[in-house]
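Here are my notes on the model you sent over. Have it open while you read, and go through the points in order.

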Amino acid sequence: MKFNKIIFPALACTLMLGSCDDNKMEWGTPDGHGEISESEMPLALKEKIANYDYIKAYATQYTPNLIVGLGLGTDEYIGNADYKAIADANFQMFTTGNAMKHQTVVQSDGTLKLTTVDAFLEAVPTDIQIYGHNFIWHTQQNQNYLKSLIAPQMNIESDSNIANILTGDASNFNSGTSGGWSSWGNNKEEQTIENGIGEDGTACMALKNKGDNAGAAYTAQCGYTFDTYLQANKEYIIKFKAKSSSNAGKLQFQYQNGTTYESQGGYNTFDIGSTWNTYEYEFTTTYEDVNRIILNFGEVGGTYYIDDIEFGLKIDDTMTNILAGDNSDFEGGTKGSWGSWGNSSSTNVSAKEEGYKSDYCVVLVNHSDGDDYYAAQFAYTFNEPLAVGETYIIQFYAKSTINGSGVQFASQSSNDYSGEGYHAFTLSTDWTLCEYEYTCTKENINRILINFGKNAATFHVDNIKFGLKKEPQTKAVTRSTTITYIPKTAQEKKTVLLNAMESWIKGMAEHVGDRIKDWDVINEPITDNCQWRGIDGAFGGTDSEGKADMAPTEDAVNGLNLNWSNETGNGHFYWGYYLGKEYATKAFEYARQYCAQGSRLFVNEYNLETNPNKLAALIEFVKYIDQNNSTGAAIVDGIGTQMHVTASGITKEQIDAMFKTLAATGKIIRVTELDVALGTATPSAEQLAAQSDVYQMIFESYKENIPETQQSGITIWTLSDNPDEHQYWLKDQSPNLFDANYARKHAYKGVCDGIAGKDISEGFTGTDWEKVYE
């Protein structure tokens, strides 16, 4: 028998001894009894607990099929020798809390950082098993990386021309005046025009701030006020040349109403070096009353030299547009020379103010799904054919009444209807820029089409441009640009995510090799209302960490925003939303392919003991995977039930019922994350006894209701009640077998007795108290 040799200083002088020396207690002899031997002396509860062997000693003796594990933090295990010693001495299997999860291991480029995993594997004795936790979850995923994979194609519109509305000195200062630019602010020192200092040897404007008092950008401002307001919802460009007396100079662009100082925006900061450079920024304002542009120069001390300022509406020069008037923007209220046919569809010009940042657009209505996009066509025929070998650009804005529906560009001969250049665009309910480069390879192509017959939906299309692609000009420009996005198709997202899933599972499984033979493949796949999480709108409820499941925004669906729900940085990512039910089968197929031979693969879920409907849904989930994976055989080896319970809120009837239902599946069953919360950091003796009874009851129920051939074991979730282990989980709940000082609690006895199926301490004698003090 091993003993903990735990000293109880306060107890040493009160264990029915006359003093703290070697004198033995004198016992009286009750009437009718003989002398009392030392072996008959009763032991106090703490003495009994101290005399228990290590947990795994009882598991080895009484339950060889029930492996008792511990969920732990790798930092505590690696960095705290006392923690490690207790864990090693008591448990047969370890589960890492976070070290092996996607968000911890997968880096921003998809590579795996396994330094902590390697250190943990090195530290764990080889006779202690490790449980892999976990491959696929809906939270603690590297959300930024996964969303970068499904992010839309990003089109950066740059090197654009400007319909410049600044003239004369307002632009180039060559006549020696400011041309209407004026400056102000507490940090402004002076505004001058410097002859011969410009990049081309002509005049430029110089703005100097109080270098010893540099502050916010707006503390020194130089602005130009127009006589009329800028056009709302139009793209403008500010472009200028500049240098600074400081290599770390900064200028900030903004716009506003010059009278009320409202309707402010822009706020783009340029890093200005000590040599001349060209800077450019594109923006769109939704305000109706903007009439001033400003260059703020208050942030970094120094003198800023500015020249050749251009400002005005953006002119797209990526192509020579050969469509004009109503053939392009429909602002005259007609469809121009565009015609349409097919699938009983219709085309009309929209009502006023329905266009893309304009009054009118064309509306294409397809009444029923077709076999292909060409079932309904919107076409423009040119007088002359396109030039073979030349590259053209088609560009337009479009939206649909149905997310995920689309239109298709094509070119065609109006004589024999032969076509080429087919390219589909997936649309949403928001305006999307659709752009595609097409090289003409066939003779007599004289028609372009926007095909819309595949999906029953209404499409709005505006600002159609088509023409020869211009070769870009090479310019040394430092710029901020307007970025437009073309979302990936559902199939494109599916392909890239499946590749990422396979890479992640393969990389982790092959790295640890034979060291890990049991794996949580999918964690928490069922919502509290018994649906497949992330599929068919199932985002309701909370997960086991109390985090809310939130339906994704459209930006989230397209990978644009970083946070799926309203909780910043929570790592939520719903694989099933993009992959459908296939996410589950694929995860198990990859795990079976790459995990070590003989590995056992689990699904893991919480609240099964209190939610029978959720348990039933999980079992159906497992059946689906077994029946629909590509191996042609059952692929799920086991089911894990977490069992985060409270001492006052769980019953034996609930536990028995859950285990009986799980056993009926024929799967291996494991309790993966057992803890028994008390709801207080200072529990009473009665509460500690109740906690012990629940632990014991769960172990006994598991042994009674799970056949030995289906037994895997029970893992206790975290080692102790120490606050370091409960910063984010069951804080002040006292859920574990060891207290905050790593001393055994009453629950330790409950677990050991549950394993043995009896009160082990009944075999202890009165002389065993001496072993407490050895």
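This is a predicted model: local features need pLDDT of at least 70, side-chain atom pairs count only at pLDDT 80 or more; totals for chains, interfaces and linings use all residues.

1. The largest share, three residues, comes from α4. Sorted by class, the lining of this pocket has 16 polar, nine charged and seven nonpolar residues.

2. Next, a helix pair. The axes of α12 (residues 582-594) and α13 (residues 612-628) come within 9 Å and cross at roughly 65 degrees. The crossing of α12 past α13 is right-handed.

3. Have a look at the side of α12 that carries Tyr583, Ala584, Thr585 and Phe588: these residues meet Phe621, Tyr624, Ile625 and Asn628 in α13. By class, this contact has six nonpolar and two polar residues, with no charged ones.

4. Now the sheet. Five strands form an open sheet with antiparallel pairing, in the order β17-β20-β25-β22-β23. Why is one side of β17 (339-341) and of β23 (419-426) left without a neighbour in the sheet? Both strands stand at the edges with a single partner strand each, so one side of each has no neighbour there. From one strand to the next, the twist averages 20 degrees.

5. β17 pairs with β20 (residues 377-381) in the antiparallel sense over three bridges. Tryptophan 341 stands opposite glutamine 377 in β20.

Terms used. Residues are numbered from 1 along each chain as its sequence is written. Side-chain values use heavy atoms; hydrogens and water are left out. Helices (H or I, at least four residues) and strands (E, at least two) are DSSP runs, numbered from the N terminus. Ala, Val, Leu, Ile, Met, Phe, Trp, Tyr, Cys and Pro count as nonpolar, Asp, Glu, Lys and Arg as charged, and the others, Gly among them, as polar. Axes are lines fitted to C-alpha atoms, for helices over the stretch in contact, and angles run from 0 to 180 degrees between N-to-C directions. A crossing is left-handed if the near helix is turned anticlockwise from the far one by less than a right angle, and right-handed if clockwise. Contact means heavy atoms within 4.5 Å. Two strands pair if DSSP finds at least two bridges between them.
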